[in-house]
Structures are given as structure tokens and as C-alpha cells.
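I opened the model today to look up a few things and wrote them down as I went.

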Amino acid sequence: MYIKSSILFFLYIEINLILLSNGERTKDQMYEHFDGRMSCFRRLNATHQIGCSSKRDGSTGIIHYVEEQEDLNFILKTGSAGDYIPIIPTVLLKPETIKSLKNSGKISGIVIYNDNTKIPKHYSHELKCPNPRSNIEKTCDVPWNKHGTGILHDDVPFPIYYVNNEEDLKKIKDCFQKFNNFSYETQYTRSLCSIELDAFMHATTDTPTCIRRSNSKTNLNPVKFCDPLGGENVWASLFPIENVTAKNDAVHANNKKYIILATHLDTTSMVHAAYPGAVNPITGIVTLLATADLLKRMVKEEVQYGDNILFMLFSGETYDYIGSQRMVYDMEKDEFPMKIDPDIKNPLPLIHLDDISIFVELDQLSKNKQLFANPTDSSNNSRMKNFMQKLQNYSKSFATFMYGSQLPPSSLQSFVKGNSNLSGLVLANYRSNYLNNYYNSIYDNYTNVDYQYYNTTEDNTSEIPFDSIQYYTANISEMLARSLYEEVINKRYEGDEKPRLELIDELYNCYLLNPDCKVHQAIQRKKLGETPYNSYSFYVGVTVVPNLLTYAIGLTLGWLTGDIVATNKTCIGDPHIPVYQYFNMSRSLDNLNTTECFRTTMNFTEALSPAFILPDYNWKSNKYSSWSESTWKDLTVRMFLKPSAAHERFTIAIGSVTFIMSLILVYFVKSRSHILFVTPENCSPTSC
Amino acid sequence: MTVVEFFGCTFLAFGPPFAMFIFTIAHDPVRIIILIAASFFWLLSLLLSSLWWFMVIPLKGQLAFGLVFSVLFQEVFRYLIYKILRKAENGLKRITDDSTQLIENKHILAYVSGLGFGIISGAFSLVNVVADAVGPATMGLKSGTEMFFITSAATSLCFILLHTFWSVIFFNALDNGNKIQVAAVVSSHLLVSLLTLLNRYQIYSATLIPLYAIVIFTMMCAFRVAGGSFASFKASVKLQ
């Protein structure tokens with residue numbers, strides 16, 4: 001007992017010693033760690049790998065800080081001390097640069113930084129025609145994204161890291177000035193400031209290869225090399241879809257038609273964790289949410305309606321229309337809105353492609369004097385003409401409404417592929433070239449849509465100027481809501497519901513600036529700002545990691561289109577009436593603390609490409625999106641001083657010489673010890 | 001520090017003690033036991049030093065305070081192992097093969113326990129540095145110079161050798177009741193330890209040169225104490 005307690009006492013003391021001792025270690029003095037998340041990584045499709053990867057243990061190179069193209073040429077010509085990692089401004093990230101760096105053989109990675117004095121006029125590494133493999137014919141005759149360099153779709157043989165932090169950039173620059181930036185001829189003789197980029201990607205070649213390797217039966221401890229891209233689609237209906245009483249009715253007897261108002265949820269960029277996506281997709285999402293909100297208020301009193309309206313937000317559209325392809329697949333397979341479940345008494349009627357009367361898609365909708373409707377080929381019917389006429393009438397106050405010539409790359413492409421007779425249009429602010437010069441890039445941020453947060457209340461929105469993005473979005477949503485109202489109710493709207501500017505202001509704030517905004521508080525999704533980057537972003541991500549932003553947007557749609565119900569105390573849905581979902585959410589933006597039970601028609605459906613579900617899918621067919629994302633262990637970046645070869649040789653020489661000399665000396669002393677030391681027989685210690 | 005530097009530093013710090021171990025200790029199990037026992041006593045002194053440092057909260061930041069007491073604790077434990085070894089002599093006689101040499105020549109016990117003290121203290125002072133240092137970098141980014149590792153290794157070697165010599169002198173002085181030599185050992189240990197405080201100013205030559213001067217001086221003293229003389233040195237060289 002005594003021993004036990006004393007051991008415990010010592011253990012306690014030791015643990016305290018470890019915890020309380022000041023943990024300044026030598027390592028901390030040697031390395032400067034940066035947040036390495038903003039690294040370029042690898043994606044794969046059925047035939048290629050794109051993106052970047054470092055070497056297995058990280059790629060190391062000597063820092064060379066570049067301001068102009070000449071600096072880069074200089075180091076490529078004169079660099080003599082091994083591999084370099086140039087720190088280049090974003091402007092220099094061009095296909096030519098990548099090519100020359102690739103060919104030089106002296107480069108082991110790139111770090112890019114944002115030079116505020118030199119913001120590029122246009123910056124898009126997406127292809128000139130996004131999603132070329134999944135569009136209908138002739139779509140790619142037009143260079144939609146005319147400034148696109150396509151680097152995003154290159155296989156870059158070295159890692160790329162983005163420093164988005166002034167402080168870190170200054171550290172790198174100072175280190176470069178102190179150790180590297182003088183007498184370049186003798187660089188190899190001294191210790192140099194270096195940087196290590198560790199972003200090793202486990203997958204290679206293409207998705208089928210990676211899946212085959214991941215499923216390898218010979219491996220006892222299976223390793224996953226890649227995950228399919230995907231997430232969740234969000235949908236809601238304006239009027240609740242009436243559930244049917246008999247199962248047969250669900251499959252056949254539904255002569256209800258639907259108007260779909262859709263947009264997409266995702267963007268991409270060169271580096272991980274930097275997906276601002278202001279014009280694409282945020283303008284579209286906010287316009288859709290504002291329209292849904294206004295429509296819901298407009299039809300409050302209506303009982304009779306013609307077509308129902310479905311709001312749909314698709315995930316993964318940037319990567320070959322993952323979400324919309326899956327939606328079309330589900331509709332074809334009788335699985336939308338949900339599979340017929342024998343246990344459910346009142347299933348929802350199935351919705352098929354034929355049931356879509358009009359498909360309206362919202363694409364990039366940043367401020368422009370002109371608004372374009374790009375219709376599908378089979379929109380030449382009287383109903384579509386009529387609908388477009390309505391749009392035109394309601395747009396007169398703020399924009400010239402014009403007809404585009406061709407269907408741009410959009411979710412509608414997937415639906416047209418499924419049903420070529422579909423009438424629909426893509427509403428956007430461009431005709432054949434994107435106005436957005438920063439399409440799918442790190443510069444597509446709040447300045448690109450000219451957004452400023454006004455933090456207004458419902459009663460006082462006068463601060464918001466008429467030429468702001470908030471007003472522009474409000475105008476479009478009013479135009480859409482009024483036209484759609486006429487389309488489903490069959491009469492002109494005479495009420496006085498208006499788009500809510502404070503809501504639009506708040507929504508932009510949520511998606512562009514502050515994830516902890518009022519709307520997210522209202523839908524009881526607090527502290528989204530603290531979630532890790534990859535689970536809250538406008539990048540589609542992988543299906544194994546839920547994207548919290550998709551859920552937040554879905555709940556927002558549910559909140560805006562839902563009804564407050566007083567009777568349902570527990571606020572839990574009835575599994576036999578799957579049409580409704582219940583959530584506790586705040587009453588309104590100005591009254592966040594009072595929660596009510598909302599009955600919504602909002603639902604999520606899986607947005608995983610059918611290519612990953614079909615057991616014998618032919619990858620070569622290109623029918624469905626085949627994008628997957630490589631797995632990685634970690635993304636880290638650290639800066640340090642790399643010793644010169646001369647110093648290393650000096651150290652090992654001194655060590656080895658000392659070791660060998662001491663062996664000889666000790667052996668000598670040992671063998672002569674009887675002579676060297678007079679033994680005590682002859683001499684007592686005292687006399688020595 | 002790179003792998004090359006890692007081996008350079010390890011060879012420098014632990015090469016000489018390794019040679020001493022191979023040629024003078026390894027053949028006799030009793031010597032190995034004594035070596036380990038001595039290392040254990042040094043560890044106990046480390047534990048006590050750290051407890052003391054831990055308890056005296058207001059002076060935690062003062063390196064010199066902990067250092068002075070650590071030196072004193074080490075010397076106390078050197079005295080304890082001396083006492084124990086002298087007590088254990090009779091027992092040792094029974095189990096060792098060449099008892100005559102080990103017991104007759106008291107300096108061997110002193111040398112072995114001193115080396116035990118030295119090796120463990122060298123290991124503890126260098127292992128933290130070396131363990132942190134496996135990687136592509138060297139010192140000098142935020143503070144320090146690239147000479148940091150090699151000077152750390154050299155200092156460790158210095159302390160390993162000093163502990164060996166100090167033990168020889170210390171044991172002998174206690175045998176003969178020579179208080180001046182005991183005081184000399186303690187004070188030189190203190191002096192050498194305080195000298196390393198200069199390392200924070202990164203003038204490594206200011207530390208290393210005096211340190212090695214003291215090593216050579218102590219070595220000569222220990223040599224004389226152990227029964228060597230200039231004449232015997234000359235004789236041994238001539239015989240070759």
C-alpha cells in the first residue's frame with residue numbers, strides 16, 4: 001500500500017513536471033510553421049489526374065522571392081545551390097511560367113502570394129469552356145470563360161502553396177533577404193533559407209485505377225486512395241407536394257407539372273480552403289433564396305394553383321455536373337423525390353423529367369445593365385415565349401432583357417441530355433463570355449461583386465444605395481417572383497409584398513464575410529465560423545465529409561419557404577408523411593431569440609455521381625462525372641535554414657576523426673596502463 | 001540538422017566514451033554493473049534537482065539558480081556512490097574474477113563510476129537536442145547559429161570526460177581525507193557549469209576554449225592522482 005501510494009505520488013510529480021516545464025524546444029527555434037491548408041491538391045477523372053503533389057516526404061527548395069518576371073528568369077539562369085522554390089506573385093502564375101519552371105529542372109515547388117499593388121485584371125485557371133466532356137454538342141464552340149488558362153486541369157509535377165497571410169509572407173521575405181539575397185555565385189557554400197511543402201497525394205493516374213487499388217482484395221489492411229467528389233443537393237417545393245394514398249398512384253397517376261428554379265452550390269480554385277465564389281455561385285444562390293422568400297409571401301393567401309414550383313440547388317456542378325446528373329438519374333430511376341418505401345402509407349408522387357414544364361436556372365448574376373436569358377433549343381413554344389415576355393416586362397426598370405444565342409455550361413445541360421424536349425433557360429448577366437474575370441479563382445471575392453455590409457433592420461433599409469448588389473439582386477428576384485407567380489396562379493400579382501433588402505444584405509454577409517451571421521443564427525446553425533475549412537466551403541468536397549455550408553443553405557431555404565406551426569409541440573416529423581420536415585428556428589431576423597417550429601418542404605438528396613453507384617459502369621463512356629479527390633496525410637508548410645554541404649562535411653569530419661582518434665588513444669592507454677600507472681603495490685595513493 | 005550532421009555530432013560526443021567503454025569496461029560484468037549503478041545515482045540527482053527547481057517557484061526563470069543546486073546535488077550523489085562502493089567492497093571481492101585488480105587499485109572503481117556519471121549526463125544533455133534535430137534544418141533561422149549542434153556535442157563530450165576525471169580525484173581525496181581536492185572538484189564543477197551560461201550570448205569560443213583547458217588540466221591531475229607521472233608517460237611512449 002505504502003509503495004503504491006509513493007509510486008503514485010512520484011508519477012503525479014513527474015506528470016506535473018512534464019506539463020509545467022516551459023516547452024521551448026530546439027525544434028521551435030529551427031522551424032517556422034505556416035498553415036499549409038492552402039495547397040494545391042490532386043483530383044482524378046476517368047482518364048487523367050490534375051492538380052499537384054509533392055514528393056513523399058515533402059518537397060524542399062531554396063526560397064527565391066520574385067517580384068517581376070526578370071527575378072524568376074534570373075534564378076532559373078544563375079541558381080547554383082540545388083532545388084529552388086520561387087515565391088511568385090499571383091500574376092505570374094501562367095501556363096508559360098509553369099512550363100518554363102517544369103523544363104528548367106531546378107524547381108521543386110511554387111509558393112504564390114497576393115501582391116495588393118498588382119491585382120491581375122483577369123485571373124481564372126478554369127478551362128475556357130467549363131465541363132467540356134459533359135455539355136451537349138456545340139456548347140464549347142464558344143469560349144465562355146475567355147480568360148481561362150486551364151491550369152486547374154493541368155497535371156503539375158510539383159506542389160503549389162498559397163500564402164494568404166501578410167505576416168507569413170513578410171517572414172518569408174525577411175528570411176530570404178537575410179540569408180539568400182546576396183552573392184548568388186557562392187550560395188552553395190552557405191546555409192540558405194529554405195521551405196518545405198508537404199502535400200503528398202496518395203492517388204495517381206485516374207479514378208478507375210485508384211478505386212481498383214483501394215478495393216484490392218490482396219491487401220489485408222485496405223487503404224483508401226481517393227474519395228468521390230460529391231455532397232448533397234437541396235430542394236424544396238413552394239406548395240407542399242400532395243402525397244398520394246395508394247402506392248400505384250405514386251408511380252403513375254400524377255399529372256402535376258413542375259417549374260424548377262435552380263442554381264448550383266459550388267465553385268473551385270487552384271488551392272484548397274480558398275473558395276470565395278462571390279459571383280459564381282453566391283449571386284445565384286442569394287437570388288434564388290430571395291426569390292423563394294418573396295414567392296412564399298406572395299402565395300400566402302392562394303389556394304388554387306396550376307404548376308408547383310421546385311427550388312433546387314445542385315452540388316458539384318463545377319466537376320461535370322455531379323448534382324444535376326444525379327438528379328436526372330434519380331428521376332429516371334423513379335427515385336425522386338424519394339424511393340417508394342413499402343412501409344410509408346402516403347408516399348410522395350414521383351417526379352420525372354417529363355413533369356418539368358419550365359426549368360429556370362440562375363447563373364452568374366453580378367451587376368450588369370443587361371440580363372440574358374439563354375434558352376434551350378426546344379424552348380420555341382408559346383408557353384416559354386410567354387414566360388420570357390413576362391420576365392422582359394418585369395425587368396424594364398433595372399436592366400435590358402435580352403435573349404442569348406446558346407445554352408451556356410450549366411446544370412440545365414444535364415436535364416437537356418436527359419430530355420431534349422425540355423423547355424428552359426439560363427438567366428445570367430452574360431451572353432457568350434463571362435463578365436466575371438475571376439471565374440473560379442481566389443479573386444472572386446466580395447470586391448468582385450462590389451459588396452458592402454450595411455447591417456440594416458427590416459424597417460430601415462434606406463442606407464443601402466440603389467446601385468448596390470443588394471438592390472440588383474432584389475430587382476431580379478422581384479422580376480422572377482412576379483413572373484413565376486403569374487405562371488402558377490394565372491393572374492397578375494396585385495399584392496404589395498417586396499423583396500427584403502435586409503435579408504439579401506444578410507445572406508451576402510453570410511456567404512462572403514461572416515459565417516456567424518444573423519441568418520445562420522436564425523436557422524440555429526451557430527458557430528459555423530469555427531468549423532474547419534474543408535467542411536464549410538463552396539467547394540463540393542468529398543461525400544465522406546459532410547459540407548456544413550450545404551446544410552446551412554438548405555435550412556435557410558427551408559426557413560424562408562416554411563410555415564410556422566403551433567400545434568406540433570415536439571417539432572418532429574411524422575415518418576408516414578414524408579412531405580414535411582420540422583425544425584426549430586428563430587421567428588425572424590429581428591427576433592432571433594424566439595424560436596418557433598417550422599414545417600418545411602425542404603429535403604436533401606445525395607449528390608454522388610451515378611458512376612460510383614452503378615456496379616458495372618463503363619468509365620470510358622464519359623456518361624457521368626468521374627471526379628474523385630486524392631487522399632493525403634497532411635498539408636504542411638515549414639520554413640527553415642538548410643545547412644550548406646560544406647558545413648555538413650565539416651561536422652561529420654570532426655565527429656569521425658574524434659571517434660577514431662579516441663579509439664586509438666584509449667587502446668594505447670589500456671595496453672600500457674601497467675607502465676603508465678604505478679600500481680598500489682609500489683605506491684600507495686597518498687604518496688602519489 | 002540533417003542525417004549527416006546527426007552522425008557527426010553523435011560521433012563527436014559519444015565516440016570517446018564509447019571507446020573507453022569498449023576497451024576498459026565491457027570485458028568485466030562487475031564494472032558494467034557499477035557503471036549502471038553510477039548512472040542511476042546521477043539520474044537520482046537529476047530528479048532531485050528538478051524537484052527543487054519545481055518547488056522554488058519564484059526562481060524558476062533563473063537558470064543559474066537551478067544550475068548551482070543541480071551541481072551540488074550531483075556532488076552529493078557522487079559522495080553517496082563513493083560511500084556505497086566502499087561498503088560494497090567485500091561483497092564485490094566475492095563475485096569478481098580479477099578481484100585483486102579491481103579492489104587493490106581503487107582508482108578503477110572511481111574511473112568506472114565517473115564514466116557512468118558522465119555518460120548519462122552527456123546523454124541527457126544532448127539527446128533532447130539531437131532528437132529535435134532530425135530533419136532538414138539547422139539552427140539559425142530565429143536564433144542561434146549553425147554551429148549550435150556541433151558546440152552542443154563538444155560541450156557534452158567535455159562533461160563526460162570531466163565527470164570521469166572528477167570522480168577519480170574525488171574518490172581519492174575522500175580516501176585520503178584531502179578536503180582541498182574535494183573542494184577543488186566541487187568548485188571546478190560549478191565553474192564549468194556556470195561557464196556554459198555564456199552560451200546564450202552565442203560566443204561559443206568563450207565557452208569551449210576555457211572548458212577544454214579545464215578538461216586538460218583536470219585530466220593531468222587525475223593522471224597524477226591515479227599514479228601516473230611524466231616519467232611513466234615517457235616510459236610508456238618509449239616502449240613502443
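This is a predicted model: local features need pLDDT of at least 70, side-chain atom pairs count only at pLDDT 80 or more; totals for chains, interfaces and linings use all residues.

Entry 1, Asn622(A). I then found Asn622(A) in the loop between strand E21 (603-608) and strand E22 (628-630) of chain A. Its phi is positive, about 65 degrees, although Asn622(A) is not a glycine.

I located Asp450(A) in the loop of chain A between E17 and H12.

I found Glu458(A) in the loop that runs between strand E17 (424-428) and helix H12 (469-489) of chain A. I read a relative accessible area of 44% for Glu458(A), which means it is partly exposed. What does Glu458(A) touch, leaving out residues up to four places away in sequence? I got Glu502(A) and Asp590(A). I also checked Glu458(A) against Pro89(A): they are 369 residues apart along the chain, and their C-alpha atoms are separated by 43 Å.

I noted a cis bond joining Asn280(A) and Pro281(A), with omega about 15 degrees. Pro281(A) belongs to helix H8 (residues 278-298) of chain A. I noted another cis bond from Phe336(A) to Pro337(A), where omega is near 0 degrees. I placed Pro337(A) in the loop between helix H9 (322-332) and strand E14 (356-362) of chain A.

I took "domain: Nicastrin small lobe" from the UniProt annotation, an unreviewed entry, which assigns it to residues 39-203 of chain A. Over residues 39-203 of chain A I read 21% helix and 22% strand, with the end C-alpha atoms 16 Å apart.

I looked up helix H2 (residues 29-55) of chain B and counted 27 residues. From first C-alpha to last, H2 of chain B reaches 39 Å, close to the 39 Å expected at 1.5 Å a residue. At the start of H2(B), I found a side-chain oxygen of Asp28(B) within 3.1 Å of the backbone nitrogen of Val30(B). I listed buried residues of H2(B), among them Val30(B), Arg31(B), Phe41(B), Trp42(B) and Phe54(B).

How many residues of each chain are in contact? I have 59 residues of chain B in contact with 51 residues of chain A. I read a buried area of about 4800 Å² between the two chains, 71% of it on carbon and sulfur atoms. On the chain B side, Phe23(B), Asp132(B) and Leu141(B) lose the most area to chain A, together 16% of what that side buries. I counted 0 salt bridges between chain B and chain A, and 7 residue pairs in polar contact. I then went through the helices of chain B: H1 (3-25), H2, H5 (106-132), H6 (148-176), H8 (204-225) and H9 (230-239) each supply at least two residues of the side that touches chain A. H1(B) gives the most to that side, with 14 residues.

Terms used: Residues are numbered from 1 along each chain as its sequence is written. Chains are lettered from A and ligands numbered from 1 in the order in which they are written. Side-chain values use heavy atoms; hydrogens and water are left out. UniProt positions are given in the numbering used here, feature names are shortened, and annotations may be inferred rather than shown by experiment. Helices (H or I, at least four residues) and strands (E, at least two) are DSSP runs, numbered from the N terminus. The expected span of a helix is 1.5 Å times one less than its number of residues. Buried means under 20% relative accessible area, exposed over 50%, partly exposed in between (1.4 Å probe, protein chains only). A polar contact is a pair of N or O atoms within 3.5 Å; within protein, one must be able to donate a hydrogen and the other to accept it, and residues adjacent in sequence count only if both atoms are side-chain atoms. Contact means heavy atoms within 4.5 Å. Buried area is the accessible area (1.4 Å probe) that two parts lose on being put together, summed over both. A salt bridge is a side-chain nitrogen of Lys or Arg within 4 Å of a carboxyl oxygen of Asp or Glu.
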